[in-house]
Amino acid sequence: MTTLPAASPEALAVSQALCGRIREAIAQAGGWIPFSHYMELALYAPGMGYYAAGSRKLGADGDFITAPELTPLFGQCLARQLAELLPQTAGAIYEFGAGTGKLAIDLLAELETLGCLPQKYVILDLSPDLIDRQRDNIRAALPHLADRVEWASRLPDAIDGIVIGNELLDAMPCEMVFRDENRQLRQRGVTVRDGAFAYEDRDFADARLAELAAQLVPDIPRYETEISLANRGFIASLSGALKRGAVLMIDYGHAASEYYHPERSMGTLLGHYRHHTVQDPFYLPGLMDLTCHVDFTAVAQSGIDAGLDLIGYASQAQFLLNCGLTELLQQWDANDVKTYLPVAKAAQRLLSPQEMGETFKAIGFGKGVSIDWLGFARGDRCYTL
């Protein structure tokens with residue numbers, strides 16, 4: 001068994017305080033809360049949750065590495081797509097969950113090169129710690145463009161521009177459901193048992209969740225999975241705010257037929273702690289990231305139902321190739337092995353089916369803009385949803 005890195009006394013103190021907050025919430029709710037409520041507190045409780053406290057999350061010394069942290073090629077490819085769409089809007093970019101600000105930096109730098117800078121770049125984030133890092137990193141990397149960047153804590157009432165989110169949907173609290181040995185479907189929640197957090201299954205408290213579970217979950221004993229009401233609600237809210245423009249989301253996930261496949265009986269929920277995968281969602285709350293894969297069929301249908309045009313759905317590899325990753329890589333001198341090799345390895349991680357290329361998908365929606373997007377021009381534009 002892998003031994004996980006020890007947390008510092010300061011970090012443990014934050015986790016213990018959060019555990020107290022979660023126990024309080026469970027007690028106030030009568031001894032049980034839906035898993036989505038537990039996940040929301042674990043990730044976003046003010047001052048204690050994973051994304052709300054001061055621990056370092058991204059990069060080599062954090063818990064995981066995202067595509068923008070891996071290489072500027074990712075942002076440069078996305079910039080080519082945005083440059084195609086921005087002139088069709090009022091020229092604003094809205095990024096949800098901007099991490100360290102690395103994607104914003106790479107996008108702005110490449111858009112400047114392409115002669116297509118946005119009028120403003122708005123970052124929407126809930127983490128005070130990450131907002132501080134974003135502001136510092138952007139000022140250091142692009143001091144002459146820093147005044148174009150704004151921060152907001154809520155969805156604007158009206159959007160005329162481009163909305164982007166990289167690894168955003170997977171971090172939204174999900175519901176958990178379980179079909180027991182008698183094939184009865186129940187909602188999975190969290191209680192306190194013998195002083196520790198534990199799963200407890202109860203009858204559905206949400207009629208919409210019960211309806212979706214009956215539609216999606218295979219009739220197989222002891223089948224556990226997730227359903228994201230938050231993803232559905234977020235896309236619907238975006239559609240209501242988007243007056244003209246586009247939505248581009250990149251994340252790891254599957255179409256519903258694969259997500260709820262009979263053989264995927266343990267669901268997709270995972271923890272990420274110091275570059276280790278953790279199966280136990282109750283391990284060091286507040287110090288560990290919790291994610292579940294995205295049901296892209298649900299995301300697509302939510303957008304369509306809310307009045308958006310579904311532009312395309314593709315693997316990350318195909319989307320980046322369509323946006324010119326190969327051409328960008330060729331700008332590096334392959335004979336300069338010391339410089340070229342790290343860039344080529346990073347590109348391989350973005351594209352490889354065994355790495356990020358196939359597990360990650362790109363999905364695009366539009367309203368009042370062209371349906372012909374560079375990223376979905378060739379290959380698996382009709383990737384099955």
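Predicted model: local features only at pLDDT ≥ 70, side-chain atom pairs only at ≥ 80, totals over all residues.
Residues are numbered from 1 along each chain as its sequence is written, and side-chain values use heavy atoms, leaving out hydrogens and water.

**Exercise 1.** Work out in which order the 3 strands of the open sheet lie.

*Solution.* Start with the terms: strands are DSSP runs of E with at least two residues, helices are runs of H or I with at least four, and both are numbered from the N terminus. Two strands pair if DSSP finds at least two bridges between them. The order is 12-11-13, with antiparallel pairing. Next, find the edges: strand 12 (276-278) and strand 13 (289-291) each pair on one side only. Finally, look at strand 11 (residues 270-273), which pairs with strand 13 over 3 bridges. There, Gly271 stands opposite Leu290.

**Exercise 2.** Find which residues of helix 7 (residues 207-216) are buried, and explain why they lie on the same side.

*Solution.* Take buried as under 20% relative accessible area, exposed as over 50% and partly exposed as in between (1.4 Å probe, protein chains only). Leu209, Leu212 and Ala213 are buried. They share one side of helix 7 because they cover an arc of only 100 degrees around the axis, the arc being that of the directions from the helix axis to the C-beta atoms. Now turn to the face away from this buried side: Ala207, Ala214 and Gln215 are exposed there.
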